[in-house]
Amino acid sequence: MTLVERQEQIALLRRLAAESASGRGRTALVTGSVASGKTELLRTVVEHVVHAGGRHLGATASEAERDLPTGVIGQLFHHADLPLAELQRVDAALADVSRAWSVYGADVAAIRQATAAKVRGLALMLLRLAETGPLLITIDDTHHVDEASWQCVSYLIRRLATAPVFLVLAGDNSTERAYPPLRRDLLGQPGYAWLRVGCLSSAGVTELLTQEFGEQAADEISADVHRISGGNPLLVKALIQDARQANPAGPVRLVVRDGFAHAVMGILFRADAVLRDVARALAVLPDATTVEEVGRFLELDAAGVREAVSALERTGLLVDGRYPDPRCAAAVVNCMTSVERITLHREAARFLHRCGAPATQIARHVLAAGYTEGEWVLPVLRQAAERAVPDGDLEFALACLRWAEQVNGDPADLAAVRQLLARLEWRHDPAATAGRHLDAMVADVAEGRLPGGAALLPLAHLLWFGRVDEAAELFATVRSRADQDDATRQDLEFARLWYNLCYPAHAARFAGPDTSASDPHRLLTTQQYTRAILLSVGSLGAGDGILREAEQLLQQTSLADITVGPLTVALLTLVFGDKLETAAQWCDPLIDEAQRRQATTWQALFTAVRGEIAVRQGELPRAEQCVLEAFKLMEPSAWGIFVALPLGTMLRATTAAGKLGEAIDYLRMTVPPIVFDTPLGLHYLQARGRFHLANGSYRAALRDFRTCGDLMSRWGFDVPGLVAWRAEAASACLHLGEERQAGRLAQEQLARLGPGASRTRGVALRLLAAASDERKKPALLNEAVRALKESGDRLELAYALADLSQALNAVGDSTRARMVLRTADRIASRCHAFDPTGPVHPTPFGPVRQPEEEWSVPANAATAGLSSAERRVVVLAAAGQTNREIARKLFVTVSTVEQHLTRAYRKLDVTKRSDLSAVLQAGVATKESSAACER
């Protein structure tokens, strides 16, 4: 790598070397900040002189050997390759000088008098080395040269005029101040030159980068490299090294890694102790820290700190007294040993606390030092966490709180820390949070360490996991302390509404204090809207007022720990009110926000709601994807009672898609028994009932649907949008051939709905049509189609259109029937549904009769497992009809016929069409069966 912006200095050094070679001794002093390239200049002049036939003696001073007398001069002689006898004389002289320094101590005058002859002899011996040819003597880092060596160098300088010796001294900007006589000696020499070396300019950095990476890459990163390095050549080269190692074969990009850190370490280790201390202090103290404050922190005078800052600015580490990039400060800290780092952070924490700095600044040092002493530590950590949460720095907040648990402090403070920690950890893993903190939080409430509304958080966690008995006991404890606290009474009233919504079977156990005299304006806006929703949830479907309340809550409420519940309720209110598109528009941004906030629990919950929206819209793949994503974000064991939401959604989606094997896998997943004391249990029972219906277990399906009705009636919670159990039961009754009962249930369902179009209305009308006279069906189904189109449920729309096609065909309108069926099949295909005429809803071929009545096929073990639609196809296929002929006869698509045959082959354990006749046994002619089907 060619030196840049050093051409003038190199030319001057070469000229002085040439003059000294002609017998006119020359001296050069090269000064500059640490790592500014002085050593590289020395190396360049050494190469030039040696190449020209000269001889080189070199020495490098160091801070560690500054108190070692004659250390630098000794290096020169030991590089001189002297004969043994002469080397012994040199060693003896050096030993005498060193001994004098140890004998006379601080009496410099006495030392000089005692060692003058020895020092003069050493200097003359160096001059005699030039008798055989030009001699170059270089001494690097002269600001660390010991006093005895300076005495010898000073004697040498005064006798260079007629000797072929070129003496080059290199040191930092304090070199002349380090040894005042040096300046006097140098100024008296006719061939003396002073070369100042500074950091590279922006153009110089660009030139250096161009040598390494080419012009285009250099232009892209040059500005950032110059900003971070300050133009210090050592730091620039370190950044080049890091960039090469980061992506050896790919495009150049700026990174700050080990190479840069090691370069910073090299600069600081070559600087004096004061510079190191100031550099470290500035790396850990806030940017706004003044020179005076740094002085107080280090117990140094402000002038000394100011001088050190100026020196660091000249190295390029600082710009205007600050690190130009946080990575520079980090590199300085990383240069320290672990003990040094811990000590520095501990002192910084104490200092900042004394100065009244913000809690977040102090806490970072407390954490870095692992500091636990002092009564102020626990409150500082708690305050820092509370301030970090709104800023979105959840990782820092959790670190503060987890460390605060290790600090001895006031029990009430520790309880508050535990509560906040549980609330934040809940965002990621409810199960782990409950295992670590819940019992301790319950004890905190019992002991009165969590006052007022703060005591309700562990109660909510207990209810999440179905621990109702403990929750009721805790609620009673908080209620008993709320008599004189109006704010707590408001919180209790709000909580009571929540608990009654979540556990209507246990509503009596969560009786709240009388809040009739409380000021309603004490409630937050979020609470006001949520309270309205909770109080009105039983009247869903009767009007749009509650839906407007839900949208207002979503409009005016930002996502936070205390608003996740209200926002979820508002979304589900829109879902149960058949405002599916509106719910989706609000749900998607909440999922994105939760993801941005790294709150996986929130994200999982909203994703599960989005899955329920999707399944109600007939978007079966989207619904499955949402549930899988929700379970990926949060293990099923962490969902508590809420696991019923994604499980119910997945059961309905896989069932509607004909994936009964997958549905069985989800049915086998554990659901806490307490779930069936909650509305979520109704959601799960409905989904399980639909699976039973699709699997041919009609009685089991009806039991699940009637259980929903019994629970909803018992709770006073008969909300059609949540579970339209009458419509579901009507569907089961149709499959059982109980048309009259099905019609009655469908009419009851319609009577409980408001006047507007809705998804539930469309489903109920379709079922009523299935139980009605052939002449009434088209009108009822047309009305069902209109309602379902408006609701946005495409799958139910496909079912209604399939039924309508059959109704139209029955009244002789076959042309329109075919068009409607094609539309139904197209919509069902887009939904990835199994079949619009499949087993998930009543068949569109009129009232369903018992299988034994519908078919003249003997009941046996082989055929009993077939659905009615499968039997139709099997009978006609056994009669020799092609798939296309069967499709025309049954008014379905060819693909539907193929699907029915595939399932029938599997159930009957046959492999080809010709085997079907043998299965359809004795006593029933295929022709008669075909005729029965046509009827």
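Figure 1. Strand 1 covers residues 26–32, and its pairing with strand 5 (residues 192–197) is parallel, with six bridges. Strand 4 (residues 165–171) also pairs with strand 1 in the parallel sense, again over six bridges; here valine 30 has alanine 170 as its bridge partner. Strands count as paired if DSSP finds at least two bridges between them. The strands, like the helices in the views below, are DSSP runs numbered from the N terminus (E, at least two residues, for strands; H or I, at least four residues, for helices). Please keep in mind that this is a predicted model, in which local features need pLDDT of at least 70 and side-chain atom pairs count only at pLDDT 80 or more, while totals for chains, interfaces and linings use all residues. Residues are numbered from 1 along each chain as its sequence is written, and side-chain values use heavy atoms, with hydrogens and water left out.

**Figure 2. Both sides of strand 1 are buried.** Follow the side chains along the strand: Arg26, Ala28, Val30 and Gly32 point one way, and Thr27, Leu29 and Thr31 point the other way. Seven of the seven residues are buried, so strand 1 is largely enclosed by the rest of the structure. Throughout these legends, buried means under 20% relative accessible area, exposed means over 50%, and partly exposed lies in between (1.4 Å probe, protein chains only).

**Figure 3. Helix 41 has a buried side and a face turned away from it.** This helix runs through residues 814–831, and its end C-alpha atoms are 25 Å apart, which agrees with the 26 Å that its 18 residues should span at 1.5 Å a residue. The expected span is 1.5 Å times one less than the number of residues. Its buried residues are Ala817, Val820, Leu821, Ala824, Asp825, Ile827, Ala828 and Cys831. Seen down the helix axis, these buried residues fall within an arc of 165°, so they line one face of helix 41; the arc is taken from the directions from the axis to the C-beta atoms. On the face turned away from the buried side you will find the exposed residues Thr815, Arg822 and Arg830. The cover over the buried residues includes helix 31 (620–633), helix 40 (794–810) and helix 45 (894–908), with contact meaning heavy atoms within 4.5 Å. Just after helix 41, histidine 832 has a positive phi of about 60°.

**Figure 4. Helix 40 is largely enclosed, because 14 of its 17 residues are buried.** From its first C-alpha to its last, helix 40 reaches 24 Å, close to the 24 Å expected at 1.5 Å a residue. At the start of the helix, a side-chain oxygen of aspartate 793 comes to within 3.2 Å of the backbone nitrogen of leucine 795. Just after the helix, glycine 812 takes a positive phi of about 95°.

**Figure 5. Aspartate 325 and arginine 227 form a salt bridge.** Their closest N and O atoms are 3.1 Å apart. The pair links distant parts of the chain, 98 residues apart: aspartate 325 is in the loop between helix 15 (302–315) and helix 16 (326–334), and arginine 227 is in helix 10 (residues 215–229). Aspartate 325 counts as buried at 7% relative accessibility, whereas arginine 227 counts as partly exposed at 33%. A salt bridge here is a side-chain nitrogen of Lys or Arg within 4 Å of a carboxyl oxygen of Asp or Glu; by this rule the count comes to 51.

**Figure 6. Aspartate 718 and arginine 726 meet in a salt bridge, and both are buried.** The closest N and O atoms of the pair are 2.8 Å apart. Both residues belong to a network of salt bridges that links Asp718, Arg726, Arg744, Glu748 and Arg752.

**Figure 7. Aspartate 141 has a positive phi of about 55° although it is not a glycine.** Most residues other than glycine have a negative phi. Aspartate 141 lies in the loop between strand 3 (135–140) and helix 6 (147–157), and is buried, with a relative accessible area of 9%.

**Figure 8. Aspartate 320 also has a positive phi, near 55°.** Look for aspartate 320 in the loop between helix 15 and helix 16. At 70% relative accessibility, aspartate 320 counts as exposed.

Definitions and conventions:
Polar contact = N/O pair within 3.5 Å; in protein donor to acceptor, adjacent residues only side chain to side chain.
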